[in-house]
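Colleague: I would like a close look at one part of this model. Please keep it brisk and give the cut-offs.

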Amino acid sequence: KSSAASDVYKRQAGAYAEYTYAIKDKFSIVAGLRGDYNHYYDRFFLTPRGHLKWNITPSTTLRASAGLGYRSTNVITDNIGMLATGRELVIPALGDLDRLEKALTLGGSLTQTFGLVNPGDATLSFDYFRNTTKDQLMTIPLPASTGSEDIVVNFGENQNVGYEFSVAAQVIRSKNWAWTTVINGSHVKDRINRISTTLKNTSYQIEEDSPLRLRFREGGSQYDIYAVRSAGIDPATGQEIFIDRNGEYTFRYDADDEVVVGNTQPKLQGTWLNTLRYKGWSLNLVFSYKFGGDTYNKTLWSKVEDIDPRYNVDARAFTDRWKRPGDLSRFLAIKEIRPEDSSYSSERFVERLNELWLSSAMLTYEFQAKFLKRIGFKRLAIGVGVSDIFRLSTVKYERGTSYPYSRTINLVFRPTF
């Protein structure tokens, strides 16, 4: 409900025009202009946009685009999840929230086509992008006690720089055999230019059973992992040796010494798609990969170190923990009594995450026309598909009961009459 108890009506009328200019197959430009009058804001808005395509050579194409738009905050839509809790939603006077913001988008790409055996057998597309978003909206996790999983807040100003690429090739092409492969990947590096007042000097717990907290710092990244640096377990005493902000070694843990110790954003991530055909048979394999990112291994903390030995734990809790003076161990000794407040963020639990997994595999067979004519079908294809067949990872962790590892089998029957 609204504290002002008033209704809001918005009426808008507009028109759009577009013009295309082309010089044969060499150069083309598309320019568009939209004009709108908004009754609520009592303003007339012009939003231009344009697209350019230049075939520099028969095998090299340059594309560019730009567009201007406006947006405004919609409190109900941005917090739609809160309505499902059955609680009363109170919206005070909007104030600064009831404002228009400009959104400018710039983009470009360069596509290079080359032949491996014959012209057109392979294509390479590489895109470099850089964009800045002001007053970006961001979803923040909330504790379960609030009755909602997350809330949308104004993040501030964020800058993204990155690249995307795609390589497609027809490796085999004959009368009966065909093999097509596509590899694509991307990398994005972000930088927080400005933090909103809502997020400044605050932290949010990502999961209730995890010590890791989400923090934001100007000049940093929204994917940074904050923890206290660690020199490992002292062989003589079995205590953890922390490194404070001044670079000095200490046995005392202080949350104020938390610094950036990793970043969850991969250096490279993407997919590798393969399609192999033989007569009526078709085999599709989709691999996924990501390399160079970091992760806070929750399994090491919850199942190896912060445990109650009377309950289910990881086997490493008994094989890799400190037991006696002189042991070179990665984890603290098992305590007979678990401390009530044992949550802390240590660099020891941050690991480099490199993964390669077979996302899906699909085998299909399409029946020939001679057989289909007999049964009255135009086309008929049958097949079977499996997801998450295998996964190779540098990090050993448990998926847990909330998100268990599972394989899905799909049967395909695709008739056309």
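Is R391 buried, partly exposed or exposed, and what is its relative accessible area?

Modeller: This is a predicted model, where local features need pLDDT of at least 70, side-chain atom pairs count only at pLDDT 80 or more, and totals for chains, interfaces and linings use all residues. Residues are numbered from 1 along each chain as its sequence is written, and side-chain values use heavy atoms, with hydrogens and water left out.

R391 is partly exposed, at a relative accessible area of 28%. Buried means under 20%, exposed over 50%, and partly exposed in between (1.4 Å probe, protein chains only). R391 forms a salt bridge with D388. A salt bridge here is a side-chain nitrogen of Lys or Arg within 4 Å of a carboxyl oxygen of Asp or Glu. The closest N and O atoms of R391 and D388 are 3.8 Å apart. D388 is buried, at 18%.

The whole structure has eleven salt bridges. One of them joins D294 and R352, with the closest N and O atoms 2.9 Å apart. D294 sits in strand β17 (281–296) and R352 in strand β18 (350–366), so the pair ties together parts 58 residues apart in sequence. Strands are DSSP runs (E, at least two residues), numbered from the N terminus. D294 counts as buried at 12% relative accessibility, whereas R352 is partly exposed at 43%.

D314 and R316 form another salt bridge, with the closest N and O atoms 3.0 Å apart. D314 counts as buried at 12%. R316 also counts as buried, at 17%.

Methods:
Helix = DSSP H or I, 4+ residues; strand = E, 2+ residues; numbered from the N terminus.
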